[in-house]
Amino acid sequence: MLQLLSSREQGLDPPWLLPALYGSQRFVELGLSSEKEFDRAHQKGVASLDIDRDGRYLISGGSDVTGTIAIHDTAKPLKDRGRYKCPVVASTAAMRGRIQPGWSYAISVVQWYPHDTGIFTTSSVDRTLRVWDTNELCVVEKFAFSAPVYTHCMAVADAHSLIAVSGKECKITLCDLQSGSATHILQDHRKPVMALAWSPRDPHLLASGSHDNRVLLWDVRKASGPLLTLDQHNGSGSANVASVVTAHNGHVNGLRFSSDGLFLVSFGTDNQLRLWDAFSGQNTLVNYGRIPNVLPQTCQFTITPHSCTLHPVLCVPSGGAVLLLEMFTGRKVGRLQGHYGQVNCLATHPFEQELYSGGSDTNILAWAPPLPVTPPSSSRTSYPAPPPRKAQGPSTSSAPPTRATNVYQDTWSSDEED
């Protein structure tokens, strides 16, 4: 660390290198947070999580039949030095009758509007996509579909305001927030579409994963067909299966772009993670090992942003644990165990080394590095007190006793007076 500080002072290393290395070291030391805990807001389980771009408000969607939505405030007051319980600042549980009569379906995905926390969206198996006003906690727009909706994803870029929606039907519908209507449909999958992801680099690039074991890349400006069909064998498969190009040997229920948009990660029920080049569509053949994936719904895993770690780290739910894997090497750097049931969803803090997980045990857990050792309250260095001086008794030494001298006494003498 001292060498890195010296290199930074001399201009040998870029200024971002030291914080990134320190962040990487702290992230692999994640453990159950000793500072934050969450109020229980769901009766059956947590199906989806998302944190706003400022890293303060965490929104959660329930897998119970009532479809409860809760917003948690994760900002810890400066005056509170003990364990902090993140309160539920808004919830639909107490507003069931006013929101919509007969609401009785579980939430599939909940997501903040990328540019403003005044809006969030939810999709559900009740065949709807809803747009919510956060302040009033009411639905301001509803898109209805003919089949249950399994997932949706809002574009991160400012170029458009499209929401990609998919479900039991073998198609992807693009809904426009500005016009309040569906713009067009993307069709090429043969089975239900379970995973969607927008590229943060190219605002018109969309990735989709389906039960047909395929991952497709789309240019949403062209509805005629996909740009690429990702091939796990990179074109080196046998001639017998040349007509069936697949990304996994099982259903694809998880997709995520890296924060720079250069790579795409897919997760399948074949218990495999695959890393793809987002521009060439090539499988990078990184071996992550076998990772159990038994989720029937969309798997919401995360990738750490470049502002937190030097090299991206995959945070993947696997059974009742969360696995931490280096994205470029596949090396396992951590395993987080704390839930009493299946982990369903994850959310990463955009600026700090913090991770949030939701499970079927109805708990939301916060994961953070261990706290640094607090320095003493006083900046003055304290030294141990000297031992007490022994009482002076009669001297047994043969040396004459020492006489105390008064330094202010005039001891000058003159020979003339003598």
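**View 1. Open sheet of 4 strands in the predicted model.** The strands run in the order β1-β29-β28-β27 with antiparallel pairing; strands are DSSP runs of E of at least two residues, numbered from the N terminus, and two strands pair if DSSP finds at least two bridges between them. β1 (31-32) and β27 (343-348) are the edge strands, each pairing on one side only. Between β28 (residues 355-359) and β29 (residues 364-368) there are 4 bridges in the antiparallel sense. Gly-358 stands opposite Ile-364 in β29. The model is predicted: local features need pLDDT of at least 70, side-chain atom pairs count only at pLDDT 80 or more, and totals for chains, interfaces and linings use all residues. Residues are numbered from 1 along each chain as its sequence is written, and side-chain values use heavy atoms, with hydrogens and water left out.

**View 2. Largest nonpolar core, with 17 residues.** Such a core is a set of buried Ala, Val, Leu, Ile, Met, Phe, Trp, Tyr and Cys residues joined through side-chain atoms within 4.5 Å; buried means under 20% relative accessible area (1.4 Å probe, protein chains only). Residues with the most contacts inside the core include Val-265, Tyr-288 and Leu-314. β21 (263-268), β22 (273-277), β24 (313-318) and β25 (321-326) each supply at least two core residues, and β21 gives the most, with 3.

**View 3. Surroundings of Leu-314.** Among the residues that Leu-314 touches are Val-265, Leu-273, Tyr-288, Thr-302 and Met-327, not counting residues up to four places away in sequence. Contact means heavy atoms within 4.5 Å.

Terms used
Buried means under 20% relative accessible area, exposed over 50%, partly exposed in between (1.4 Å probe, protein chains only).
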